[in-house]
Amino acid sequence: MQELSDRLLSDHEGIRILISEFSENPLEGVEKNLRIEKQTVPDPKTLDSKDVIIAVKSSAVGWVDLLMISGQYQHMPPLPYTPGLEYSGVVIWAGAEVDAGNAQVGDRVFVDGIVTGPRSPGNYQQYGGFASYAVAPINAVRPIPNGFSYDQACNLLGSYETAYHCLVACGQLQAGETVLIHGASGATGLAAVHIAKILGATVIATGRSNEKLKVVKEQGADHVINCKAVEDKQSIRRFRDEVKALTGGKGVDVVYDGVGGDISLESMRCVNFGARFLVVGWASTPFVAKGKGQRGAPNANMLPTNLIMMKGLKVIGCPTVISTQHDASIRSKRLNQIMAWVSSGLIKPYISHTYPLSDIKDALKAKWTGEIIGGCVVNPPLKEEQK
């Protein structure tokens, strides 16, 4: 194993993606402020004794990566930085204080994107997964679950922790209840479908593509509704009557809303009295905040207080990472449960698209335009020994 490490450290050159300036919006950032450059293996002499170097095999392409590029995400890593919140790969170097029981050269691992990488609060924000090599502290490294590919491993924690935090910790979803899941073909939306079914709930999933909704149905949703508008002037069509019919006139018990905008208003007409409305995101209105890292939300979404009151709605904001940063104790329970479900074979991330890292712009654009179902991955070029 050390021979493998020595060869890789000494003679391989890879590539990495670098962002050196925030942009007005994500697409502008992808076109103008994203560059691909050569990358050599990080010098172990510059690293901490509890660090590892990972030869990246797969890195998830997420919505947050796009918002970070324009500085419209709540966390802004210091510039320059390499995007890629979650990645997996092979350990090719381990510091002197890294216990062999935690990681050693040759191990297949994935990283915890809350502890390391662009969204982390510490000293590793420059080391994202859109690279051939990344550095991570040993406490951010986890063994890839048995039966998982590198692609599946890097699409695990972010999506399923979000779905768990929203549905379980915030929404208190129970067996026998009905949940309406918007954006169900997205990474966190599809994870929410999986977890809701594990919990024994009935899932009504929405989307705007029959092709993608077919996959969502195959992945476990009980019912799917295409909410695409018939006329271009509308963002969505009315679907209240369909939801009411599917619930025997009662309405849903929980709404999982990662889309925002007009769909939120229509959803509030689809609920049972006293339902829980979970605000997960606002993918349909990404420009609520200013670009180029400016703070403020000049285009903030609005919710109707009359419907909230008359429906007895419990509207709950569900920011997974921020909540965890405020109270780290909430995380161990969800991690333990998610990994137990993984071990039992109940969770298998679905990945619809893979790209070579050199095609990162195409991958990010596909994510932005909604072509992806579930996860999307970029794969860096690697030497034969690492395959």
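**Strands, a helix and a cavity**

Modeller: Strand E5 and strand E7 (residues 141–143) run antiparallel and are joined by three bridges. The model under discussion is a predicted one.

Biologist: Which residue of E5 is the bridge partner of Gly89?

Modeller: Strand E4 (residues 87–94) pairs with strand E5 (residues 108–111) in the antiparallel sense, over three bridges. Within E5, the partner of Gly89 is Val109.

Biologist: On the other pairing, which residue in E7 does Phe110 stand opposite?

Modeller: E5 is joined to E7 by three bridges, and the two run antiparallel. In E7, the residue opposite Phe110 is Arg142.

Biologist: What span does helix H6 reach from its first C-alpha to its last?

Modeller: Helix H6 (residues 187–198) has twelve residues. At 1.5 Å a residue, 16 Å is expected, and the span found is close to that, at 17 Å.

Biologist: How many residues does H6 give to the lining of the largest cavity?

Modeller: The search of the whole structure finds one cavity of 30 Å³ or more, and the largest cavity holds about 70 Å³ of space. Its lining includes Ala187, Leu190, Ala191 and His194. Leu190, Ala191 and His194 are among the buried residues of H6. H6 gives the most to this lining, and its contribution is four residues.

Terms used:
Residues are numbered from 1 along each chain as its sequence is written. This is a predicted model: local features need pLDDT of at least 70, side-chain atom pairs count only at pLDDT 80 or more; totals for chains, interfaces and linings use all residues. Side-chain values use heavy atoms; hydrogens and water are left out. Two strands pair if DSSP finds at least two bridges between them. The expected span of a helix is 1.5 Å times one less than its number of residues. Buried means under 20% relative accessible area, exposed over 50%, partly exposed in between (1.4 Å probe, protein chains only). On a 1 Å grid over the protein atoms alone, a cavity is a set of points where a 1.4 Å probe fits but cannot get out, and a pocket is an open set with protein on both sides within 12 Å along at least five of seven lines; lining residues have an atom within 4 Å of a point. Grid points are joined across faces, edges and corners, and a volume is the space filled by probe spheres set on the points.
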